[in-house]
Amino acid sequence: MRRPFIAGNWKMNTTRAEASALAEAIAAAGPGAGADVAVCVPFPHLADVERALQHSRVRLGAQDVYWEESGAFTGEVSVPMLADYCSLVVIGHSERRQYFGETDETVLRKLKAVLASSLDPIVCIGESLEQRKANQTGEVLARQVANGLAGVDLSERITVAYEPIWAIGTGETATPEIAQETCAFVRAELKKHAGDAADAIRIQYGGSVNADNARELLSQPDIDGALVGGASLKAAQFLQIVEAAKP
Ligand code: PGA
């Protein structure tokens, strides 16, 4: 039985004060009984949010990481630096792939570095609108799994976030049927590489998840949680999504 996992991805949002207030509001509600809950916050807010969450079950994550441990890599943040603050990190978000040149190869390098540490990864995959229209969704996802994930020992420490790019921040959610069908496809691809271990890997759906559509999406058998962008910036909305994840 895979425990539901709801993670907020704050992206490049929140001032220092807003980040603390948001984390405090989430922690005050005491979520985490029926589902794993996490927030992935901007680097500068890690310390404040860590403090705000310290007596809660909410896990703290970052949104990216570099694979080298230290050295002349101006602007980058390493795995050991993050491990001092948090226990999770998002890798290969489509915005990183789209705007910052990330590829399946860089995703794999980051994944290897993260798995060698105490951090757990959330690895993002997903197809663009053009790819879906051209019936290339399966091919794209199979390639992202094979090239970005399959070079490691796939275990339950890894969460895979399936996020169709056309549904991110657009208000256009995949229907529960499409989301389920695609997450089942992703699990089958993971099985090709990991065998039955893939049954323990949680697959989140991401893309315009909100308090209204969460319950139906999260009730699908192959959707084990959500990676939530916009709706994770309002504590009440985010907490409603967490509630909707309870089995
Ligand atoms: P969204 O973002 O919920 O705002 O669509 C999801 C994500 O990019 O993780």
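This is a predicted model: local features need pLDDT of at least 70, side-chain atom pairs count only at pLDDT 80 or more; totals for chains, interfaces and linings use all residues.
Residues are numbered from 1 along each chain as its sequence is written, and side-chain values use heavy atoms, without hydrogens or water. Local features need pLDDT of at least 70 and side-chain atom pairs count only at pLDDT 80 or more, whereas totals for chains, interfaces and linings use all residues.

A side-chain N or O atom of His93 lies 2.7 Å from a ligand oxygen atom. For Asn9, a polar side-chain atom is 3.5 Å from an oxygen atom of the ligand. Ser208 contributes a backbone N or O atom, 2.7 Å from a ligand oxygen atom. The ligand taken alone exposes 280 Å², and the protein buries 95% of that. Accessible areas come from the Shrake-Rupley method with a 1.4 Å probe; for residues, only the protein chains shown count as cover.

Ser208 sits in the loop between strand S7 (202-206) and helix H9 (214-218). Helices (H or I, at least four residues) and strands (E, at least two) are DSSP runs, numbered from the N terminus. Ser208 counts as buried because its relative accessibility is 18%; buried means under 20% relative accessible area, exposed over 50%, and partly exposed in between (1.4 Å probe, protein chains only). Its phi is positive, about 55°, although Ser208 is not a glycine. Most residues other than glycine have a negative phi. Asn135, also not a glycine, has a positive phi of about 60°. Asn135 lies in the loop between helix H6 (129-133) and H7. At 71% relative accessibility, Asn135 is exposed.

The largest nonpolar core has 70 residues. A nonpolar core is a set of buried Ala, Val, Leu, Ile, Met, Phe, Trp, Tyr and Cys residues joined through side-chain atoms within 4.5 Å. Val39 and Leu190 touch the most other members. Beyond four places in sequence, the contacts (heavy atoms within 4.5 Å) of Val39 include Trp10, Ile26, Leu53, Leu60 and Phe238. A second, separate core of 10 residues includes Ala7, Ala38, Leu88 and Val90.

Three further buried positions were examined. Ala179 belongs to helix H8 (residues 176-194) and has 0% relative accessibility. Outside four places in sequence, Ala179 contacts Ala174, Tyr205, Leu217 and Ile223. Ala179 and Tyr205 are 26 residues apart along the chain, with 7.0 Å between their C-alpha atoms. Val77 lies in the loop between strand S3 (59-62) and helix H3 (79-83). Its relative accessible area is 18%, so Val77 is buried. Phe43 is 34 residues from Val77 in sequence, at a C-alpha to C-alpha distance of 8.5 Å. Contacts of Val77 beyond four places in sequence are Phe43, Val65, Tyr66 and Leu82. Gln144 is part of helix H7 (residues 137-148). Gln144 counts as buried at 9% relative accessibility. Apart from neighbours within four places in sequence, Gln144 is in contact with Arg97, Asp104, Ile125, Gly126 and Leu149.

Key
A polar contact is a pair of N or O atoms within 3.5 Å; within protein, one must be able to donate a hydrogen and the other to accept it, and residues adjacent in sequence count only if both atoms are side-chain atoms.
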